[in-house]
Every structure is written in structure tokens, then in C-alpha cells.
Amino acid sequence: MSQKINLRAFANFFKSSSAGGIILLFCVVLSLTIANTGLAAGFENFLNTEIGFNTDSIHLRYPVILWINDGLMAIFFLLVGLEIKREIVEGELSSLRQAALPVFAALGGVAVPALIYAVLNGGNPATSAGWGIPMATDIAFALGVLSLLGSRVPTGLKIFLAALAIVDDLMAILVIAIFYTSEIHYFYLASAGGILLLQIAFNKLGFKNILFYIIPGIFMWYFIHHSGIHATIAGVLTALTLPTTADAVESPLEKLEHFLSKPVNFLIMPIFAIANTNITFVDGMVEGLVSSLGLGIVLGLIIGKPVGIMAMSYLSVKFRVSQLPAHTKWPHILGAGLLGGIGFTMSIFIALLSFDDEFLQSEAKFAILVASIIAGISGFMVLKMYGKKRPFVENSANAMRPVEPND
């Protein structure tokens, strides 16, 4: 009997909205533990082990860490892209004013942190190249923390944060391509563009089979990867070409979204977290938090992000360019802005591109970790406290609404 109860509790946990976030946070702790014990060297060797194959014309032999960050993460971006397109067609982003909000918010969330870093490091040639580090939001961790709140936050806020983080990371990828890429291979880029046009043509011709989009998407991933641009953008582009409709009939896009949801949340993202947060603590890291490099990253992520997101969101709403999502208030946007300061993996990736010096890399990674933890806890607490004052329940149409005093 007790075994049945345990199995039922186990199953209910994985069905809960917070399960993915809890597992993700556990994996961060596990990764940090591995990185600071005797397991660190073996784990690092494993991540650097090359797998795959090479021929005269095909190059697919890379370290495990690259397969995780460029391969598995492309699937994650595919799922997020599917969710965004569905919301654009039939959900919270279906109106121009609603869709404009995360774009403007992302612009502020990119510009203000970069400006803060540049002011603090502009005169230091050794660290000035790191201005892109505090620009990025880690979609996976930001949404993971938000998922811990379950129904305390309105659905519209979850869509807003997902859209904001997508736009934010696409801007970061563009910055990487322009400022942190030594060379762009235009033949591969043009080849990826040709495949994208083919996927669009399949959509226009009414092709419903998912394989008509996924198989070309795999080739697109290969070409974008070799173009010098971060390969995960292939997932987003592929998602945007899948057909969907605004009616109740399950579309190819929705079928793929349902199919990918659990593997991404309970397998891909935990693997990603374990592989990318294995930061080894070394002497000088704590002191480095008050250096121009450390302050630029910390202040950029925990202050620049929410200030930029709030300011641009407020201006776009005030001038009627956009509107807040349904049942979303300004404290929700503040909480989302704080969660936007969770830089983690994309910020770490940009830090590795910014500096050749290993000590500067370690110092930057530690600052990113500290800032991301502060941002995550702050955003969680703001949204949790506001959620207690204005809890949400689901009505018969499965839409979230605030509980009124008389409910």
C-alpha cells in the first residue's frame, strides 16, 4: 500500500508545474558539488571527450559539452519557439500590442546592463570586451524558477517572460555573431537560409507531416553551426515554420509541442544544467566581485536587467505601443525583470568568448553565478509575495483570473 502511495506521489510530482524547476535547481547544486570535489577532473575530461565522426565533406565530431550546448539546446529552443508561435497565433501574443511588449522589454534588458558594464570597464582594455556578458537571460533557468510558483502567477506573465527571454537571447546571439565571431562563413549561412525558405514553402503548400520540417531543420542546424553563428537559432527558426491554427483541432505544431515537453523538461534541461554550472571555486573569486569586472556583471544582471525591462515596458505601455498581458500587473513585470537577470549559461558562454585569460574567465563565471542566484531569489520572492496578495484560480475556460475578495 505504501509503495502505491509513493509511486502515486512520484507521478504527481512529475505532473506538477514546479517539477521541472525543482529538478533544474537540484542539478545546479549537483554540478557545483562535482566541480569542487575530486570528481571535477574526471567530469571535465568527460565533457571534453569528442564523439561523432568526420569525413572529407561532413564534420560532426565535437566534445560532449558542445553536443549538449549546441545540439540538445537546439531542441529546447525548438520547444520554446513552438510555444511562442502558438501564443502568437491564438494566445497572449496574438495582438500586435501584446507582442510588442516583450520586444521592447528585451531591448531595455539588453541595453541597460551593457551600458552599466561599459561605464565600469570602458577604460580597462583587459575587461572592456565583456560588455556583452550581462546582456543575456538564461531562458531555461528563468522559466524554471517561474515554474516553481505554479498558479501564483498569471499565464500571461509566463508567456511574457518566455518571449522576452527568446528575444533577449536572439539579440545576444546577434551580438555574438557580429562582435564575438572571428569569421562568418556565408556559404553555410546562405545554405541555412535556403532550407528555411524550403520549410516556409512546405507550410504554404499545406504539408502537415512534421518530418517535412524536422528533417530540413536538422540540416539547417548543421549549416548554421558551421556558419559561425550559434546553432540553437535553428530550433527557433524551424519552430516558426510549423503549421498551426487558431481552432480547437490539434495542429502539427501542437502535436510536436506535446511530444517534446517532457523530454525537454526532465531530460535535456537537467543534462544542460549539470554540464554548464560546474564552476570550480578558486582563490580571488570573492574579491573579484568588487572589481570593475565583477561589479559590471553583478550590477548589470541584478540592477540593469530589471531597470531596463521595467523602463521600456512602462514607456511602451504609456505611449500605447503595447499592453500588459491579461491579469498581469507591474509587480509581476518587476519580478520577471529580476528573473531576467539570471544570466547563467549564455552569459558564461559570452564570458568565454570575451576573455582568453583563464583567471578572468573564472572571475566572470563566479560573478555570473552570484548575480544569477541573487536575481533568481529576488524575482521568486517578489512574485511569491505578490501572489499571496492576489492569488489566481482557473475559471471554466482555463484562463487565469485574480481571486476577488468575495470569491
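Which residues have the most contacts inside the largest nonpolar core? They are Phe76, Phe160, Met269 and Ile297, in a core of 109 residues. Helix α7, residues 155-179, gives the largest share of this core, 16 residues. A nonpolar core here is a set of buried Ala, Val, Leu, Ile, Met, Phe, Trp, Tyr and Cys residues joined through side-chain atoms within 4.5 Å.

Before going on, the ground rules. This is a predicted model, where local features need pLDDT of at least 70, side-chain atom pairs count only at pLDDT 80 or more, and totals for chains, interfaces and linings use all residues. Residues are numbered from 1 along each chain as its sequence is written, and side-chain values use heavy atoms, with hydrogens and water left out.

Now the overall picture. The protein has 16 helices and four strands. These are DSSP runs, numbered from the N terminus: helices are H or I with at least four residues, strands are E with at least two. Of the 407 residues, 49% are buried. Buried means under 20% relative accessible area, exposed over 50%, and partly exposed in between, with a 1.4 Å probe and protein chains only. Take contacts between residues at least 6 apart in sequence: 78% of them join residues at least 24 apart. Contact means heavy atoms within 4.5 Å.

Methionine 269 is in contact with Leu24, Met73, Phe76, Ala140 and Val264, leaving aside neighbours within four places in sequence.

Next, salt bridges. The count is three. The rule is a side-chain nitrogen of Lys or Arg within 4 Å of a carboxyl oxygen of Asp or Glu.

Start with arginine 61 and glutamate 50, at 3.7 Å, N to O. Arginine 61 sits in strand β2, residues 59-63, and glutamate 50 in strand β1, residues 50-54, eleven residues apart. Arginine 61 is partly exposed at 36% relative accessibility. Glutamate 50 is partly exposed too, at 41%.

Then arginine 86 and glutamate 257, at 2.6 Å, N to O. Arginine 86 is in helix α4, residues 64-90, and glutamate 257 is in helix α11, so the pair ties together parts 171 residues apart in sequence. Both residues are buried.

Aspartate 168 also bridges to lysine 305, with the closest N and O atoms 2.3 Å apart. Aspartate 168 lies in α7 and lysine 305 in α13, residues 292-318, so this pair ties together parts 137 residues apart in sequence. Aspartate 168 is buried, at 0%. Lysine 305 is buried, also at 0%.

Stay with lysine 305. What does the side chain of threonine 137 make with the lysine 305 side chain? A polar contact, at 3.3 Å. That term covers N or O atoms within 3.5 Å; within protein, one must be able to donate a hydrogen and the other to accept it, and residues adjacent in sequence count only if both atoms are side-chain atoms. Threonine 137 lies in the loop between α5, residues 96-121, and α6, residues 139-147. Threonine 137 counts as buried because its relative accessibility is 0%. Its contacts beyond four places in sequence include Asp168, Asp169 and Leu339.

Leu339 takes us to helix α14, residues 330-339. Seven of its ten residues are buried, so α14 is largely enclosed by the rest of the structure. Among the buried ones are His332, Gly335 and Leu339.

One more loop. Proline 243 lies between α10, residues 233-241, and α11, residues 252-276. Proline 243 is buried, at 8%.
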